[in-house]
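The sequence and structure come first, and the notes follow by topic.

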Amino acid sequence: MAADMKGPLRPTLYRFKLGNFEMMNMLDSFAQRDGLAAVHGGGSAPGAVEELAKMNNIDPSKFEHPFVPALVNTGNEIILFDTGNGTLSKDVEALKGRVPEGHLVERLAQAGYKPEDIDIVCFTHCHPDHIGANFTNGKPTFPNARYVISAAEFDYWKKGENISDARKPTKAQFDRIMAPLADKCTFIKPGNDVVTGIRAVDCSGHSAGLTGYHIESEGKRVLMFADSFLHYVCGIQHPEWTIGFDDNQQKAVENRKRLLAMTSSEKLMVMGFHMPFPSIGWIDKRADGRHQWVAASYQMNM
Ligand SMILES: [Zn+2]
């Protein structure tokens with residue numbers, strides 16, 4: 001008799017304490033795509049991406065792109081960071097088959113949260129995979145939430161000047177599912193606090209106002225970043241390689257280098273929206289001067 005295969009299973013939720021805060025990462029969705037070198041190795045020497053992939057035990061031709069929104073419960077507020085892909089793949093003809101279906105609301109339910117529980121939705125930027133679940137069936141998905149977004153990021157997409165052809169669909173999604181929330185938005189600048197313990201950090205480059213968040217409670221700290229790093233091997237070991245998804249490629253390279261130096265010298269824990277789930281770890285500086293993603297093991301369980 002043949003033994004039944006049940007198919008792959010993978011972890012989708014990770015919750016841990018940071019001081020008095022409770023933190024949670026959720027695997028909204030993931031995409032598996034061809035062309036590691038083509039997407040993540042702009043300007044690399046021929047064969048360099050393939051060699052790097054082999055050294056790091058990953059497929060040199062394909063890659064996985066995870067989408068990992070986070071939730072922080074400060075004890076006073078429940079704050080969601082980005083909303084993932086939502087129903088983009090159903091609602092937007094041009095995105096069918098190009099982005100995965102988001103599972104954020106399902107993940108929240110598995111972790112004990114209803115959409116009404118979310119007090120604040122805080123955004124890193126306005127690219128579609130970070131705002132995709134803002135609405136469900138035409139209504140705000142998180143009915144009791146107010147929103148926090150970088151003023152520079154919101155204004156850039158709102159004005160819509162000098163937007164590349166490749167980003168015109170991003171502008172269309174902004175107009176459809178971000179701009180209508182303007183009345184309930186608080187617009188922030190780098191250095192501003194979202195709430196006590198959560199401070200906006202300038203990560204601009206990938207987008208006009210890309211924002212990371214420095215989160216601190218009882219002396220425990222983490223830097224949450226989004227698309228500063230799009231691949232845990234390429235972007236971190238070779239921050240100088242350019243990426244077509246970066247709206248300002250040179251500025252994005254500078255941002256990567258700055259974050260690598262800061263997080264490695266401070267031994268600052270990081271969590272990253274596109275890092276392999278559960279998407280928390282450290283960035284170490286190696287003897288050869290390059291940096292490396294070191295995934296967390298049990299540190300945050302203790
Ligand atoms: Zn992204």
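Strands β17 and β18 run antiparallel and are joined by five bridges, and within this pair Ile-283 has Trp-293 of β18 as its bridge partner. The model is a predicted one, in which local features need pLDDT of at least 70 and side-chain atom pairs count only at pLDDT 80 or more, whereas totals for chains, interfaces and linings use all residues. Residues are numbered from 1 along each chain as its sequence is written. Helices (H or I, at least four residues) and strands (E, at least two) are DSSP runs numbered from the N terminus, and two strands count as paired if DSSP finds at least two bridges between them.

**The sheet that holds β17 and β18**

- β17 and β18 belong to an open sheet of seven strands with mixed pairing, whose order is β12-β13-β14-β15-β16-β17-β18.
- Because β12 (193-195) and β18 (291-295) each have a single partner strand, they stand at the edges, and one side of each is left without a neighbour in the sheet.
- Neighbouring strands of this sheet are turned by 35° against each other on average, direction ignored; axes here are lines fitted to C-alpha atoms, for helices over the stretch in contact, and angles run from 0 to 180 degrees between N-to-C directions.
- β14 (residues 211-217) pairs with β15 (residues 220-225) in the antiparallel sense over five bridges, with Arg-221 of β15 as the bridge partner of Glu-216.
- In the hairpin of β14 and β15, two residues lie between the strands, and Glu-218 takes a positive phi near 55°.
- β15 also pairs with β16 (residues 269-272), here in the parallel sense over four bridges, and Leu-223 stands opposite Val-270 in β16.
- Helix α9 (residues 249-266) lies across β15, β16, β17 and β18 and runs at about 95° to β17.

- Met-275 is found in the loop between β16 and β17 (280-285).
- Met-275 is buried, because 23 other C-beta atoms lie within 10 Å; a residue is called buried with 20 or more other C-beta atoms within 10 Å of its own, exposed with 12 or fewer, and partly exposed in between, the C-beta atoms being placed from the backbone.
- Leaving aside neighbours within four places in sequence, Met-275 is in contact with Phe-229, Tyr-232, Gly-281 and Trp-293, where contact requires C-beta atoms, placed from the backbone, to lie within 7 Å.
- Met-275 and Phe-229 are 46 residues apart in sequence, and their C-alpha atoms are 7.8 Å apart in space.

- The buried residues of α6 are Glu-153, Phe-154, Tyr-156 and Trp-157.
- These residues lie on the same side of α6, because they cover an arc of only 160° around the axis, the arc being that of the directions from the helix axis to the C-beta atoms.
- Their cover includes β10, α7 (168-177), β11 and β14.

How values were computed:
Contact = placed C-beta atoms within 7 Å.
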